[in-house]
Each structure stands twice: as C-alpha cells, then as structure tokens.
Amino acid sequence: MDPFTYERASDHQTALTLGSRSGAKYVGGGTNLVDLMRETIEHPTMLVDVTGLSCAIEETGDGGLRIGAGMRNTAVAADRRVRERYPMLSQAILAGASAQIRNMATVGGNLLQRTRCGYFYDDAAHCNKREPGAGCDAIEGFNRMHAIFGASNACVATHPSDMAVALAALKAVVTVENRNGARDIPLVDFHVLPGETPHVETVLEAGELITAVTVPAGIAGPSAYRKVRDRASYAFALISVAAALEVRDGVVKEVQIALGGVAHKPWRAYVAEAALQDGPPTEAAFRAAAQAEFAAARGLRDNAFKIELGQRVVIDTLVKLAALQETR
Ligand SMILES: Cc1cc2nc3c(=O)[nH]c(=O)nc-3n(C[C@H](O)[C@H](O)[C@H](O)COP(=O)(O)OP(=O)(O)OC[C@H]3O[C@@H](n4cnc5c(N)ncnc54)[C@H](O)[C@@H]3O)c2cc1C
C-alpha cells in the first residue's frame with residue numbers, strides 16, 4: 001500500500017475542498033477502496049472520510065424517500081419505510097456481501113464499488129480498466145462472471161452492486177455536489193458502458209461528492225429482488241433481477257425491471273418492459289418479453305449460460321409477482 005494522508009470531513013464544503021485536491025479520494029466504509037489500495041490497484045494520496053455526512057433518510061413529500069449517501073447499507077435495508085415501500089431495495093442490499101461489510105458500507109460507496117473481474121485485480125494481467133490501452137485478458141480468458149449486454153472489445157467486466165440494480169428498477173436519482181452546486185443524475189445514466197474507455201465508469205466528475213439517492217414513490221404492485229449466484233451468501237451475482245409489477249383490470253399497468261451481473265452497469269430491461277406494457281400478465285407474455293430483452297445478449301466462452309438463465313429468472317420472478325398481485 002502506498003502512503004496516504006487521512007482527513008475526516010466535518011461538512012460538505014470541507015469535503016468538496018479536500019476532495020478536489022490532486023490525488024484525493026472520498027472514503028465511505030472503505031470496504032472496496034481500502035482493498036484496492038492494499039492490492040495496489042488504486043493509489044490515492046489522500047483519503048477524505050465522508051462517513052459522517054448525509055446520514056439520514058427523509059420523506060420527499062410525494063411519497064418517495066431521499067436516502068443520504070452516508071447511510072450504511074444495513075441501516076437502509078432495515079428502515080421500515082424502505083422495507084414497506086421498496087421491498088426489492090431492502091432485499092437487494094441484504095443479498096450483498098456479509099452483515100459485517102454491510103454494517104460498514106455506505107450508499108455512495110456501494111454505487112462506486114469497482115468490478116470484481118479477476119483480471120482487474122491481477123496486476124500481472126492485461127486490463128484496459130486498470131491500465132488504459134493494455135488490452136483485456138478476460139475476453140479470451142475465464143469469463144464466467146462477465147457481461148452479456150453492452151460489452152466492448154476493450155472490456156467485458158460487470159458492475160457488481162446489488163443495491164444499484166434495485167435502484168435502477170426503481171427509477172432512482174443520484175444527487176451529486178461539486179464546488180459550483182448540485183446536480184441530479186438518473187441512476188440509469190450514472191454508470192456508463194465501457195466502450196473504448198472502460199476506466200471511465202460513471203459520469204461523475206473529479207472531486208464530485210455523492211450526497212443522496214432519491215427513490216420516487218413506488219408503483220402500486222409487489223416487487224422483488226432475485227439473485228442467482230454460485231454460493232448462497234457472500235458471492236456476487238451471476239444474474240440478478242429487480243422487478244416490480246402492477247396489474248390492473250387484468251393487464252400490466254406498470255412494470256419495472258433491471259438486471260444485475262450482466263453488464264458494465266445495472267441493466268434496465270426497457271425492451272421487456274415495453275413488451276409487457278398493457279398486455280396480459282401471463283407466463284407466455286413474460287417469456288416473450290424475456291426473449292425480446294435477451295435477443296441482444298452476446299455470450300463469451302464461459303458465460304453464454306447466462307442468456308438462458310437470465311430469461312428463466314426474469315420469467316420466474318414475474319410469475320411470482322403476478323401471483324402475489326392476485327392475492328392482494
Ligand atoms: C468479500 C466481499 C463481498 C462482497 N459482496 C458483495 C455483493 O454480493 N454484492 C454487492 O453489491 N457488494 C458486495 N461487496 C461490495 C460492497 O458492497 C462494497 O465494498 C461496499 O458497498 C462499498 O461501500 P463503501 O462505503 O465501503 O465504499 P468505499 O470502499 O469507501 O468506496 C468505494 C468507492 O466509492 C467512493 N466514494 C465513497 N463514498 C463516496 C461519496 N459519497 N461520493 C463520491 N465517492 C464516494 C470512494 O472514493 C471509492 O472510489 C462485497 C465486498 C466484499 C469485500
């Protein structure tokens with residue numbers, strides 16, 4: 001690990017001033033950043049601790065919640081309003097990492113955690129994300145965990161967050177601050193696809209601080225987060241599905257679906273959503289919608305199984321949500 005200095009920010013202005021210094025990085029729970037520093041993948045010269053900032057969940061006034069970026073993952077998942085209004089969000093958080101890590105991890109840090117691609121962590125391997133222009137050993141290598149949507153010739157890594165997948169389905173908005181003010185970014189636009197620059201992972205600019213994530217009022221139907229992984233706990237998603245379904249008068253009035261473990265960013269399933277809108281909530285319709293979404297998927301040597309698996313998880317999740325709807 002390289003030497004670095006540490007400052008604890010007492011307020012946002014201090015954080016932004018310190019965070020704009022060359023070599024500075026914000027630190028939340030440190031559960032990802034400190035690992036990357038130990039592995040000498042990241043080399044900040046100053047850590048600005050922002051864990052004391054933005055630590056509340058507030059009502060937005062229109063039925064939504066504004067979740068402070070400094071909130072610990074455990075506290076968000078346990079919040080009664082989150083559990084009641086956004087079960088998929090609570091379930092997604094609880095499906096990630098371990099209780100100890102969730103106790104430390106913050107909302108801001110969770111969104112900015114970096115890929116778990118083994119070649120990114122292996123400094124003997126070629127990785128365009130770690131070293132732009134170096135090449136990508138994952139494309140011809142062990143790529144079971146890798147992307148089937150939106151990958152490029154430069155990078156096939158996936159985004160590892162579970163929480164972000166639920167937030168994408170819920171149409172959440174990320175608020176960030178810089179020294180000129182604040183701006184709001186829809187979560188689906190916050191992370192970017194790799195293209196030729198996989199080291200650029202979000203639209204965040206240097207020194208910008210995430211302060212909150214706002215989740216609008218949920219749809220009037222049940223929601224769920226399903227995660228398929230190699231072990232029952234402490235494993236990243238092979239495929240995950242966050243979905244909410246509202247059926248009225250026998251047709252799908254609203255449906256929100258996002259996928260995890262499939263792309264460089266949480267993947268909003270717009271094609272499937274459009275296919276389902278105003279149609280019957282039947283297994284056949286769910287199957288057709290899943291097929292339409294996954295028609296654009298591309299498998300690599302080891303991960304093509306995700307194309308079939310992903311469709312099955314989408315169909316099964318929607319079937320269960322439709323059944324729940326009937327019992328309401
Ligand atoms: C063994 C293990 C298993 C795991 N399994 C899962 C899993 O199954 N699912 C899952 O989703 N996650 C998993 N994780 C990842 C875990 O969720 C993340 O490490 C955690 O959410 C990161 O949050 P943090 O606050 O500790 O971030 P940090 O490590 O503190 O920071 C991460 C990044 O965010 C930046 N940052 C932090 N806060 C802000 C802010 N407010 N504004 C701007 N930048 C900020 C930092 O500069 C850094 O770049 C696992 C981690 C480990 C170690």
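Predicted model: local features only at pLDDT ≥ 70, side-chain atom pairs only at ≥ 80, totals over all residues.
Side chains of opposite charge can pair when their charged atoms come close. A search of the whole structure finds 22 salt bridges, among them the pair formed by the side chains of Glu42 and Lys25, with a nitrogen-to-oxygen distance of 3.0 Å. Because Glu42 lies in the loop between helix H2 (33-38) and strand S3 (46-49), whereas Lys25 belongs to strand S2 (residues 24-27), this pair ties together parts that are 17 residues apart in sequence. The two partners are covered as follows: Glu42, at 11% relative accessibility, counts as buried, while Lys25, with a relative accessible area of 34%, is partly exposed.

A further salt bridge joins Glu201 to Lys129, whose closest N and O atoms are 2.8 Å apart. This pair links distant parts of the chain, since Glu201 is found in the loop between helix H10 (187-190) and strand S8 (209-215) and Lys129 in the loop between helix H8 (118-121) and helix H9 (163-169), 72 residues apart. Both Glu201 and Lys129 are buried. Lys25, Glu42, Lys129 and Glu201 are, together with Arg114, linked in a network of salt bridges.

The side chains of Lys253 and Asp278 also meet in a salt bridge, at 3.4 Å from N to O. Here too the pair links distant parts of the chain, with Lys253 in strand S11 (residues 251-260) and Asp278 in the loop between helix H11 (270-276) and H12, 25 residues apart. Lys253 has a relative accessible area of 31% and is therefore partly exposed, and Asp278, at 47% relative accessibility, likewise counts as partly exposed.

Two packed helices are described by the angle between their axes and the distance between the axes. For helix H12 (residues 283-294) and helix H13 (residues 305-326), the axes come within 9 Å and cross at roughly 145°, and the crossing is right-handed. On the H12 side, the contact involves Glu283, Phe286, Arg287, Ala290, Gln291 and Phe294; these meet residues of H13 that include Lys306, Ile307, Gly310, Gln311 and Val314, as well as Ile315, Leu318, Val319 and Ala322.

On the surface, Met1, Phe4 and Tyr6 form a nonpolar patch, which together presents about 310 Å² of accessible area. Of these residues, Tyr6 lies in strand S1 (residues 5-8) and, at 45% relative accessibility, counts as partly exposed.

Notes: Residues numbered from 1 in each chain as written. Heavy atoms only, no water. Patch = residues over 30% accessible without salt bridge, like charges linked within 9 Å, V, L, I, M, F, W, Y side chains within 5 Å. Areas by Shrake-Rupley, 256 points an atom, 1.4 Å probe, with all protein chains shown as cover. Salt bridge = Lys/Arg side-chain N within 4 Å of Asp/Glu carboxyl O. Helix = DSSP H or I, 4+ residues; strand = E, 2+ residues; numbered from the N terminus. Buried < 20%, exposed > 50% of the residue type's maximum accessible area, 1.4 Å probe, protein only. Axes fitted to C-alpha atoms, helices over the stretch in contact; angles between N-to-C directions. Left-handed = near helix turned anticlockwise from the far one by under 90°. Contact = heavy atoms within 4.5 Å.
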